[in-house]
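Thanks, everyone. Let me put the next model on the screen, and then we'll walk through it.

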Amino acid sequence: MGVPYSMDDLVDRANRLIESGKLLQAESVFQEVCSRWPNNVHALTGYARVAVLQMHWADALVRWRQLADVMPDNPQAWIGQGNALIALGELAKADAVFQEACSRWPDNVPVLTGCARAAVLQKHWTEALDRWQRMAVVAPDNPQPWIGQGNALIGLAEFERAEAVFQEACTHWPDNVHA
């Protein structure tokens, strides 16, 4: 075990507080860690997670941006920013964040999911369909992009194509209630 109140001890303590539902206390501990070690990725991630769990979206956005500044190659920082922007109703900004993330991590399924979701929420059905199709290439064993494609086709009023996609999904994933 390390020195009492070391950075790792404090991060562990804050994570245990989150697990026990003591979000305000966890936030306080993460705030202390981030002030003492402002470039600690684990502390910044935890601090952002607390804001998300509290649904304090403006704070979450700031914290995910801080993490992206410290570690720009961390896809979770970009996903967090995009999700916070969606929660704030800033759909075009969320889409821009997710598009940037997709260009950085074109094979990252959570990034691709966020990118497709941003298009869906804006009802940009053609773009959503393209994004779900790209995800299906990257994750062919994942039913989510097939379901997304079907829903985008419904949004485009292409019902026969949507039905064909859903039927194919049901064939591939007969036990998945969403397919």
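Start at tryptophan 78. Leaving aside residues up to four places away in sequence, Trp78 touches Ala68, Pro72, Val97, Glu100, Ala101, Arg104 and Trp105. Keep in mind that this is a predicted model.

Now step back to the whole chain. The protein has 10 helices and 0 strands. Read from the N terminus, the order is α-α-α-α-α-α-α-α-α-α. The C-alpha trace spans about 65 × 35 × 25 Å along its principal axes.

How much is buried? Of 179 residues, 43% count as buried.

Next, contacts. Take those with a separation of 6 or more: residues 24 or more positions apart account for 39% of them.

Charges, quickly. There are 14 positive and 21 negative charges. Their mean positions lie 8 Å apart.

Glutamate 27 is in helix H2, residues 23-36. Is Glu27 buried or exposed? Its relative accessible area is 13%, and the cut-off for buried is under 20%, so Glu27 counts as buried. What does Glu27 touch, beyond residues up to four places away in sequence? The list is Tyr47, Val50, Gln54 and Arg63.

Last stop, helix H9. H9 covers residues 144-155, which is 12 residues. From first C-alpha to last, H9 reaches 16 Å, close to the 16 Å expected at 1.5 Å a residue.

Which residues of H9 are buried? They are Pro145, Trp146, Ile147, Gly148, Gln149, Gly150, Ala152 and Leu153. And what covers them? The cover includes helix H8, residues 125-138, and helix H10, residues 159-172.

Alanine 157 follows the helix, and its phi is positive, near 60 degrees.

Go to Trp78 for its contacts, including Trp105 and Arg104. Go to H9 for buried residues with H8 and H10 among their cover.

That's my tour. Over to you.

Note on methods
Residues numbered from 1 in each chain as written. Predicted model: local features only at pLDDT ≥ 70, side-chain atom pairs only at ≥ 80, totals over all residues. Heavy atoms only, no water. Helix = DSSP H or I, 4+ residues; strand = E, 2+ residues; numbered from the N terminus. Buried < 20%, exposed > 50% of the residue type's maximum accessible area, 1.4 Å probe, protein only. Contact = heavy atoms within 4.5 Å. Lys, Arg positive; Asp, Glu negative; His and termini not counted. Charge placed at Lys NZ, Arg CZ, Asp CG, Glu CD. Expected span 1.5 Å × (residues − 1).
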